Amino acid sequence: MPRDTLDEVSDETLLVLYANGDPVAARVLTARLSPRVLGYATRLLADRAEAEDVTQEAMLRLWRIAPQWRTGEAKISTWLYRVVTNLCNDLKRARRRRPGVALDDAPEVAASSGSAVSSLMQADRMTALQRALDQLPDRQRQAVVLRHIEGLANPEIAQIMDLGVEAVESLTARGKRALAAILAGRKADLGYDDDAEEREAV
Amino acid sequence: MDNDLDLDALLAEAAATPTKPSEALSARILADATAMQRPLPAQRGTASRKRFGLWRWVTDLVAGLGGGPAVAGLSLAGVAGLFLGVADPVALQSITALLSSDTTMVARMDLLPATDILWTEN
């Protein structure tokens, strides 16, 4: 089936097509899902190489389960987020048993667009945010990232984290408060003042 | 961070900043996908469609008769039967002479002597 046609097809339909042998479906699913999976894994692990390994493993599990996928039971993205959460939890447990990753190893997040200066400032802000996220307890970080960066609704996060909706709300609120406390007083470091100065200069 | 609004802006900025997988990662993921995938039904049927015609009829017949070994045995039996039917019996005389020696007496008995008259030509 042509790729243009598949771009508007749902994830579930694509997975069924993949299971039936359509080679284009795998490419569309990879292009659609792997950036989200990689982004989430990177936020949780703060290690790009490990996040890439987790992304590959999560997608491999998706390919493996495709023939047995029961349509209508769960969203594919929800299932993937859950797999990634569990894989990251396993990795972090293993990491605690060996020498930890230094804070300076936090990934430098690439800026998306704009002038060179503003791109650099945006990259600095994203790196600062990542370092602040790294200081949150695992469950709070997962809840905050899923809610405020991945943009998921609380019931979906509850499914991913295997919690009740109220527990998710509590985790998200506490995580966000802790994040604000960590970033407090770092407005200049985050580049907001520089942004304002640049806008004035333009 | 002076207030939650700035944190919201920062998180929104993070949400709008895509994490692009490297080409190497995409290639690894697609290689896994290809390795795990069954071929399309159309592709699976291509081989049989190519055999459409006499060859397909022959292979179907062979399969129906029980496969290659069964067909080989059947062919051998057919050839042997054909040989026995066509071959000159003279070729077998040496064998029959060996089996029935000259000293053997074969008694000729007339089981129905009364019918001899019927065969007599006058």
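A:Glu52 is buried, at a relative accessible area of 14%. Here buried means under 20% relative accessible area, exposed over 50%, and partly exposed in between (1.4 Å probe, protein chains only). The model is predicted: local features need pLDDT of at least 70, side-chain atom pairs count only at pLDDT 80 or more, and totals for chains, interfaces and linings use all residues. Residues are numbered from 1 along each chain as its sequence is written, chains are lettered from A and ligands numbered from 1 in the order in which they are written, and side-chain values use heavy atoms, with hydrogens and water left out.

A:Glu52 forms a salt bridge with A:Arg48, with 3.2 Å between the closest N and O atoms. A salt bridge is a side-chain nitrogen of Lys or Arg within 4 Å of a carboxyl oxygen of Asp or Glu. Both residues lie in helix α4 of chain A; they are 4 residues apart, so about one helical turn separates them. Helices (H or I, at least four residues) and strands (E, at least two) are DSSP runs, numbered from the N terminus. A:Arg48 is partly exposed, at 32% relative accessibility. A network of salt bridges links A:Arg48, A:Glu52, A:Asp53 and B:Arg28.

Over all chains, the search finds 15 salt bridges. Side chains of opposite charge can pair when their charged atoms come close. Helix α4 of chain A also holds A:Arg61 and A:Glu57, which are 4 residues apart and thus separated by about one helical turn. Their salt bridge has its closest N and O atoms 2.9 Å apart. A:Arg61 is partly exposed at 34% relative accessibility. A:Glu57 is partly exposed at 26%.

A further salt bridge joins the side chains of A:Arg96 and A:Asp138 (2.6 Å, N to O). A:Arg96 lies in helix α5 and A:Asp138 in helix α7 (residues 138-149) of chain A, so the pair ties together parts that are 42 residues apart in sequence. A:Arg96 is exposed, at 56% relative accessibility. A:Asp138 is buried, with a relative accessible area of 19%.

Rings of Phe, Tyr and Trp (its six-membered ring) pair if their centres lie within 6.5 Å; planes under 30 degrees apart count as stacked, over 60 as edge-to-face and the rest as tilted. The ring centres of A:Tyr40 and A:Tyr81 are 5.2 Å apart and the planes stand at 85 degrees, so this pair is edge-to-face. It links distant parts of the chain, 41 residues apart: A:Tyr40 is in helix α3 and A:Tyr81 in helix α5 of chain A. Both A:Tyr40 and A:Tyr81 are buried. A:Trp69 and A:Trp79 also pair edge-to-face, at 5.8 Å centre to centre and 85 degrees between the planes. A:Trp69 sits in the loop between α4 (48-65) and α5 of chain A, and A:Trp79 in helix α5, 10 residues apart. A:Trp69 is buried, at 14% relative accessibility.

The loop between α4 and α5 of chain A also contains A:Gly72. This glycine is exposed, at a relative accessible area of 65%. A:Gly72 and A:Glu12 are 60 residues apart in sequence, yet 8.3 Å apart in space, C-alpha to C-alpha.

The whole structure has 1 cavity of 30 Å³ or more. A cavity is a set of points, on a 1 Å grid over the protein atoms alone, where a 1.4 Å probe fits but cannot get out; lining residues have an atom within 4 Å of a point. The largest cavity holds about 40 Å³ of space. Its lining consists of A:Leu33, A:Arg36, A:Val37, A:Ser77, A:Leu80 and A:Tyr81. Helices α3 (23-45) and α5 (76-96) of chain A each supply at least two of the lining residues.

Conventions:
On a 1 Å grid over the protein atoms alone, a cavity is a set of points where a 1.4 Å probe fits but cannot get out, and a pocket is an open set with protein on both sides within 12 Å along at least five of seven lines; lining residues have an atom within 4 Å of a point. Grid points are joined across faces, edges and corners, and a volume is the space filled by probe spheres set on the points.
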